[in-house]
Amino acid sequence: QCAAVCPTAAIVPKSHVDRVWDEVQADDTYVVAQVAPAVRVALGEMFGMKPGETVTGKITAALRMLGFDAVYDTSFGADLTVAEEAAEFLERRTAGERLPMFTSCCPAWVKFAEQSFPELLPNLSSCMSPQSMVGSLVKRTVPEETGVDASRVKVVSIMPCTAKKYEAQRPELSREGEPYVDHVLTTAELGRMIQEAGIRFADLPASSMDLPMGFSSGAGVIFGNSGGVAEAVARYVGDGETLNVAVVQGIAEAKDLAREVREGRSDYDLIEVMACPGGCIGGAGQPVSFEHETHSRRAEGLRENDAAMPLRRSSDNPFIGRYYEGILGGRPGSHEAHELLHTEYRSRKRIEDAQIPLVTGRGERKVAVRVCVGTSCFLRGSQDLLTRLIHRLADDGLEELVDINATFCSERCNLGPTVHIDDEVIYGATVDAVTERVRELTGMLVAG
């Protein structure tokens, strides 16, 4: 979002355009494009068309002209995600375990949860995002179908989201060293490629995506809107089921709700989280617009797509059933489906693995002191506090009884500088307060 609103364009996402040009121009590669739902109601803005105007057919035609060998719809992956996520949710609810279940489609939310709420990772759906599901299936099936060596099959995602670039590089989302998704273009980057090629986008006739992964239901399309994932799952679960669902957009709101869940104050069954305003339609990879109505028009465009589609539930997509019959073990949640469509998460909490030892005492029993020098605490004087504390304890002859480390995030940054002394936390710490407490604890060590 910083990239989306930076007035000087000083913050920009890392472009994959040159890499993609190399792939589509190579003679020995088979390059597959997949297009996310939100792209189809935003790309036209770069060519004089109205926000929310659906340009799926034009995008497909342009991608073929650029040299892509096949064009698929990430909405197909969304239908697949709904099937797996619904099966996972019903299994959890039957067992009464790991609820509420958080959706896992948004990579910015997943990374935030790994960094800030690792204790809630068991509550995240283990489903890959639609982008990764399509990439996984392409890498599994296309080499056999085309006879092209697996190493020469490349997947390029067209996404409204800059965080998808990060997601594609996660080592968990690869098979035998080959990533499921090789390159990610934002909506705006695809627009620039079309401009570079001299294609008159607005005048292009519509072209159809390739089957089977070019076909989706309306439920897959509304994944691009905030609330769309939860609605798609509710459609799939069907009548007779009462679900208590929360829909959250924006990391600040997600943080508040995650705290409620952590503290046992939530009674939701399912929580959908999207990091961007409005969901994917407001992603930082979309064409920049400062018009207030743009997001609502894009959202309305996806709702119109959904309403016009003959099939509106993911369970009605016939090609989903064919994949389950063929390589996904016959049903959602099968062992084969887990192998191809699910992933895992791990704690990335910075305080747990990022420390710099500054003073290491030699005593058998020591007091552990950690001073946060992350940006917010640094600006509140933690670096000066750390320096003075080291000198103060040395003057007191206590350096042999303490381990002093610099750490980089103690969270609750507005209360810094923050110092951990063994299991205690001092917010708004001062040299005097920290020194006094260390003296008390070291005195207890000596007395003991």
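Modeller: Arg437 and Glu440 share helix α18 (residues 431-447). They sit three residues apart, about one turn of the helix. Helices here are DSSP runs of H or I with at least four residues, strands are runs of E with at least two, and both are numbered from the N terminus. The two side chains meet in a salt bridge, at 2.7 Å from N to O. That term means a side-chain nitrogen of Lys or Arg within 4 Å of a carboxyl oxygen of Asp or Glu. Arg437 is partly exposed, at 21% relative accessibility. Glu440 is partly exposed too, at 37%. The cut-offs are these: buried is under 20% relative accessible area, exposed is over 50%, and partly exposed lies in between (1.4 Å probe, protein chains only).

A word on the model. It is predicted, so local features need pLDDT of at least 70, side-chain atom pairs count only at pLDDT 80 or more, and totals for chains, interfaces and linings use all residues. Residues are numbered from 1 along each chain as its sequence is written, and side-chain values use heavy atoms, with hydrogens and water left out.

By this rule, the salt bridges number 27. Two of them reach across the sequence. Take Glu172 and Arg348: their closest N and O atoms are 3.5 Å apart. Glu172 is in the loop between α7 (163-168) and β5 (174-175), and Arg348 is in the loop between α14 (335-341) and α15 (350-353), so this pair ties together parts 176 residues apart in sequence. Arg348 counts as buried, at 17% relative accessibility. The pair also belongs to a network of salt bridges that links Glu114, Arg170, Glu172 and Arg348.

Next come Asp306 and Arg235. Their closest N and O atoms are 2.8 Å apart. Asp306 is in helix α12 (residues 294-308) and Arg235 is in helix α10 (residues 228-237), so the bridge ties together parts 71 residues apart in sequence. Both Asp306 and Arg235 are buried.

Now the strands. In general, strands of a sheet pair through backbone hydrogen bonds, either parallel or antiparallel. Pairing is called here when DSSP finds at least two bridges between two strands. Strand β1 (residues 30-35) is mostly covered, with six of its six residues buried. One side carries Tyr30, Val32 and Gln34; the other carries Val31, Ala33 and Val35. On one flank of the story is β4 (residues 153-159): six bridges join it to β1, and the two run parallel. There, Val155 is the bridge partner of Val32. Strand β2 (residues 70-73) also runs parallel to β1, through four bridges. Val32 stands opposite Ala70 in β2, and Ala33 has Val71 as its bridge partner. Both faces of β2 are covered: Ala70 and Tyr72 are buried on one side, Val71 and Asp73 on the other. With helix α3 (residues 56-66), β1 and β2 make a right-handed β-α-β unit. Right-handed means that, with the strands pointing away from the viewer, the path from the first strand over the helix to the second runs clockwise.

Another sheet is open and has five strands, in the order β10-β12-β11-β13-β14, with mixed pairing. β10 (355-360) and β14 (424-426) are at the edges with a single partner strand each, so one side of each has no neighbour in the sheet. From one strand to the next, the twist averages 20 degrees. Those angles use axes fitted as lines to C-alpha atoms, for helices over the stretch in contact, and run from 0 to 180 degrees between N-to-C directions. β10 runs antiparallel to β12 (residues 402-407), joined by five bridges. Gln355 stands opposite Thr407 in β12.

Most residues other than glycine have a negative phi, and most peptide bonds are trans. In the loop between β13 and β14 lies Asp422. Its phi is positive, about 50 degrees, although it is not a glycine. Asp422 is partly exposed, at 33% relative accessible area. Pro417 sits in the loop between β12 and β13 (419-421). The peptide bond into it from Gly416 is cis, with omega near 0 degrees. A further cis bond runs from Leu211 to Pro212, with omega near 5 degrees. Pro212 is in the loop between α8 (187-196) and α9 (218-221).
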